[in-house]
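Hi everyone, thanks for making time. I'd like to walk you through a structure, so please have a look at the screen.

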Amino acid sequence: MANIVRRKKTWITAEILDLCNKRRELRKKRFEPEGSEQYKEVNNNIKRCMKKTKENWIGEQCSEIEENLRKNNSRRA
């Protein structure tokens with residue numbers, strides 16, 4: 001099966017998608033002692049990176065809305 005990449009959420013970056021692909025490869029090895037640690041590490045990195053990226057994206061959206069409201073541009077807000 002080919003690795004088809006679909007971005008439904010606009011805040012997901014290419015870095016996160018690369019980490020997801022790496023996790024997908026490590027999923028097969030997660031029952032081995034060494035593979036288990038690698039899988040957990042990559043999984044935690046994905047969670048951290050996604051949380052930080054989403055917070056930044058939400059902050060940018062909020063600041064854009066506030067700026068449009070300040071300019072009395074309610075359509076864009």
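Before I get to the helices, a word on terms: an axis here is a line fitted to C-alpha atoms, for helices over the stretch in contact, and angles run from 0 to 180 degrees between N-to-C directions. Please keep in mind that this is a predicted model.

Let's start with the whole chain. You can see two helices and zero strands. The chain has 77 residues, and 22% of them count as buried. Its accessible surface is about 6,800 Å², with 48% of that belonging to carbon and sulfur atoms.

Now, how do the helices H1 and H2 cross? H1 covers residues 14–26 and H2 covers residues 33–70; their axes come within 9 Å and cross at roughly 160°. An angle over 145 degrees counts as roughly antiparallel, so H1 is roughly antiparallel to H2. The crossing of the two is left-handed.

Who makes the contact? From H1, the residues include Ile 16, Leu 19, Cys 20 and Leu 26, and from H2 they include Tyr 39, Val 42, Ile 46, Cys 49 and Met 50. Charged side chains such as Glu 15, Lys 22 and Arg 23 of H1 take part too. By class, the contact residues divide into nine nonpolar, four polar and three charged.

Is Glu 64 buried, exposed or partly exposed? Glu 64 is partly exposed, with a relative accessible area of 40%. Glu 64 and Arg 76 are 12 residues apart in sequence, and their C-alpha atoms are 8.9 Å apart in space.

How values were computed:
Residues numbered from 1 in each chain as written. Predicted model: local features only at pLDDT ≥ 70, side-chain atom pairs only at ≥ 80, totals over all residues. Heavy atoms only, no water. Helix = DSSP H or I, 4+ residues; strand = E, 2+ residues; numbered from the N terminus. Buried < 20%, exposed > 50% of the residue type's maximum accessible area, 1.4 Å probe, protein only. Areas by Shrake-Rupley, 256 points an atom, 1.4 Å probe, with all protein chains shown as cover. Parallel < 35°, antiparallel > 145°, perpendicular 65-115°, else oblique. Left-handed = near helix turned anticlockwise from the far one by under 90°. Contact = heavy atoms within 4.5 Å.
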